[in-house]
Amino acid sequence: MEAVKSQSDRRFSLRVMQIPLVDLRAQHDQIRNEVASGWSEVLERTAFVLGREVEEFEDAFAAFSGVAHCVGVANGTDALEMALRASGIGPGDEVILPANTFIASALAVVRAGATPVLVDVDPVTQLLDVELAADAVTAKTRAIMPVHLFGQMADMAPLIGVAAEGGLTVVEDAAQAQGATQNGVGAGGLGSIAGTSFYPGKNLGAYGDAGAVITNDATLARRVRALRNYGSEVKYHHPEIGFNSRLDTLQAVVLSAKLRRLSKWNAQRRAAALRYDALLADLDRVVRPTTAVGNEHVWHLYVVRVDHRDRVLEALHESGVGAGVHYPVPIHLQAAFAHLARPAGSFAHTEQAAGEILSLPMFPEITAEQQERVANALRSAIR
């Protein structure tokens, strides 16, 4: 009987939730006609795989990111794996990355045949701790993968210095940072190569899975183009094992329509973040996010920290606020990575954050009234 009641309560919570974590319908309403027209053209030509719209999007996103090359692929995990493989990373190699990231970052390393070496994060920004990354370098280290988390970039200058000293490749995980900059340089423009994701909820999101590799290195871009297409540059000739991981033409239409609005949408996100900062300023029990010096944040997520997070999250859901958690279980505590033999307590800052972080609703169209409701609900929840 208790289980039935619990299920009923959850269904009720879903019905009353009025402020979503992300409002994808609001975005679609702005580009509906443009997408319909573009899809109609693709359907008329039946150019579903690597149609001209893919190349047009690749050129536009490369220009937006301030890099020379963009290669559209099927998803962000593939993008990171191919970035690693194109860089010559494989079996026997180690790749340093933060413990506080989505599991796809580490999965890409493993799928490339390499070993992920996790390090803890800065307790304030939750970004890769540069000193710990430097300490983790061994004779087997071949790459460092900084993750640009929640919408801002990791501290790249010292990381590049560490990489240069050890002859390492810097592969940026830019899945949450489309449009973010550091000292004027965009995400993906400071390392050797970068992978990004266009999962629907991202700042630049497709209508399904999609991703891209970006780089200033023409040789790396050429390798990725072959890897995404069965390892082939010439049809039916396959000098290496590759993937079937191409950006769909229909998704390219969606991404191009959104890209034309992305700078505006990112500006709206920044305005919303400032509004949250003001609304939550008097709540001593809520730790607001910090933007690192030199960063222009694009606020993929607005992540606060609170005590008794799960209880607060439940209270927010009951009041109709679609808050979320990114991420409740660190990589080293996932069963999939038990072989790394890093037990609980290995990464203190990451583990503490995992129990406290709380993502508040954030999307370009969020209104001041909605944010006031979120702040009031949070105020009540932490009492």
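Which residue stands opposite Val 170 in β5? Select Ile 144: this residue stands opposite Val 170. Strands here are DSSP E runs of at least two residues, and helices are H or I runs of at least four, numbered from the N terminus.

Before moving on, note the ground rules. This is a predicted model, where local features need pLDDT of at least 70 and side-chain atom pairs count only at pLDDT 80 or more, while totals for chains, interfaces and linings use all residues. Residues are numbered from 1 along each chain as its sequence is written, and side-chain values use heavy atoms, with hydrogens and water left out.

**The sheet**

Stay on β5 (residues 169-173). Strand β4 pairs with β5 in the parallel sense, over two bridges. Pairing requires that DSSP finds at least two bridges between the strands. Now show the whole open sheet: seven strands, mixed pairing, order β1-β9-β8-β5-β4-β2-β3. From one strand to the next, the twist averages 25°.

**Helices on the sheet**

Select 76-86, helix α4. This helix lies across β1, β2 (94-98), β5, β8 (193-197) and β9 (211-215), and runs at about 170° to β8. Angles run from 0 to 180 degrees between N-to-C directions, with axes fitted to C-alpha atoms, for helices over the stretch in contact. Next, select 103-111. Helix α5 packs on the sheet and touches β2, β3 and β5; its direction makes about 150° with that of β3.

**Val 137**

Go to the loop between α6 (130-135) and β4 (141-144), where Val 137 lies. Val 137 is partly exposed, at 30% relative accessible area. Beyond neighbours within four places in sequence, Val 137 is in contact (heavy atoms within 4.5 Å) with Ile 96, Val 162 and Leu 168. Draw a line from its C-alpha atom to that of Thr 350: 20 Å, across 213 residues of chain.

**Helix α11**

At Thr 350 you are in α11 (residues 348-356), where Thr 350, Ala 353, Ala 354 and Glu 356 are buried. An α-helix has 3.6 residues a turn, so residues three or four places apart point the same way. Show the cover of the buried α11 residues, which includes β11 (302-305), α10 (309-318) and β12 (357-360).

**Last stop: Leu 50**

Which loop holds Leu 50? Look between α2 (24-45) and α3 (52-65). Leu 50 is partly exposed, with a relative accessible area of 33%.

How values were computed
Buried < 20%, exposed > 50% of the residue type's maximum accessible area, 1.4 Å probe, protein only.
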